[in-house]
Amino acid sequence: MEHEADTPSDDFCDAWQGDHLEIPKTDQPAPSDDGDDDTQQFFIKFKVEFIYPPDITLEDDEDYVLVEFGLESSTSIHQFWAPCKRSDSENLSWDEISTMLTRINVPLHKQPSMLHRISTCANHIANADHNRSKKVLPMMVSISILVDYSCYKQEDASTYVLRNNADVAKLMPVPASNESVEGLKKEILEDQGNVSVKQCMICLENLQAGSEIMGMPCSHLYHQICILHWLKISNFCPICRFQLSA
Ligand SMILES: [Zn+2]
Ligand SMILES: [Zn+2]
């Protein structure tokens with residue numbers, strides 16, 4: 001899980017079943033009283049490392065006090081519970097994972113590939129035969145982020161809005177509108193050589209000839225399934241932040 005020294009700009013995210021995690025009994029959600037024995041809970045432990053690049057020129061900007069401590073990196077641990085939804089496509093929703101990442105200060109534009117990675121791992125855990133009888137599905141997530149101070153500045157009011165979710169007002173990203181998503185062109189990638197972006201920046205896999213792809217108006221390409229998932233979370237292009245209408 002070491003950060004590769006020669007590629008310091010790469011953020012890192014990995015997730016796996018955490019069989020040796022110590023599950024805190026105290027804050028474990030109470031089992032439901034309706035006799036539904038199928039209820040499973042994910043217990044997710046995040047180990048998050050923020051790496052602060054050296055030689056930051058501090059602008060006249062007192063909001064970014066982290067630099068003043070002179071830290072090179074800081075690591076913190078965060079734990080979350082979430083019910084397992086038992087669906088073929090999504091046992092732990094991107095929405096829930098994004099809320100967790102936002103609570104631990106992962107900037108929204110660094111989240112797309114992490115959401116994909118964590119959601120895929122959650123599905124593997126939920127669907128593994130040897131986990132069927134478990135009440136608690138433990139998952140470990142390790143994240144390393146190279147802090148780019150400008151990204152926190154850019155995540156302004158157009159990125160997050162205060163939304164009333166059930167009875168609490170929460171700062172949430174803005175999903176793309178249905179009309180703007182319907183206006184995007186779906187196509188089958190015919191020739192890999194013709195596209196400037198060779199990799200889907202959400203699942204981090206190569207865009208192969210024959211893939212079902214989708215282009216944003218900024219001309220950035222993704223797998224259809226990946227970008228449609230992301231646009232339900234946020235309306236901006238993960239590569240260049242072009243914003244679809246919300
Ligand atoms: Zn993809
Ligand atoms: Zn773009």
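**The sheet and the loops**

Mentor: This is a predicted model. An open sheet is formed by 4 strands in the order 1-4-2-3, and the pairing is mixed.

Trainee: Which are the edge strands?
Mentor: Strand 1 (12–17) and strand 3, each of which pairs on one side only. From one strand to the next, the twist averages 15 degrees.

Trainee: And how many bridges join strand 2 to strand 3?
Mentor: There are 11 bridges, and strand 2 (residues 41–51) runs antiparallel to strand 3. To find your place there, look for V48, which stands opposite S76 in strand 3.

Trainee: What does helix 2 touch on the sheet?
Mentor: Helix 2 packs on the sheet and touches strand 1, strand 2 and strand 4 (136–146). The direction of helix 2 makes about 10 degrees with that of strand 1.

Trainee: Why does P107 count as partly exposed?
Mentor: Because P107 has 17 C-beta neighbours inside 10 Å, and buried would take 20 or more.

Trainee: Changing topic. What does strand 8 pair with?
Mentor: Strand 7 (residues 185–188) is joined to strand 8 by 4 bridges, and the two run antiparallel. Strand 8 also pairs with strand 9 in the antiparallel sense, over 3 bridges.

Trainee: Which residues are the bridge partners of G215?
Mentor: K185 has G215 in strand 8 as its bridge partner, and G215 in turn has L221 in strand 9.

Trainee: What do strand 8 and strand 9 form?
Mentor: A hairpin, with 5 residues between the two strands. S219 sits in the turn and has a positive phi of about 80 degrees, although S219 is not a glycine.

Trainee: How many C-beta neighbours does S219 have?
Mentor: S219 has 13 inside 10 Å, so it counts as partly exposed.

Trainee: Where is R86, and what is its phi?
Mentor: R86 is found in the loop between strand 3 (73–83) and helix 1 (94–103). The phi of R86 is near 50 degrees, a positive value in a residue other than glycine.

Trainee: Is R86 buried or exposed?
Mentor: Exposed, because R86 has 12 other C-beta atoms within 10 Å, and exposed means 12 or fewer.

Key. Residues numbered from 1 in each chain as written. Chains lettered and ligands numbered in written order. Predicted model: local features only at pLDDT ≥ 70, side-chain atom pairs only at ≥ 80, totals over all residues. Pairing = 2+ DSSP bridges. Axes fitted to C-alpha atoms, helices over the stretch in contact; angles between N-to-C directions. Contact = placed C-beta atoms within 7 Å.
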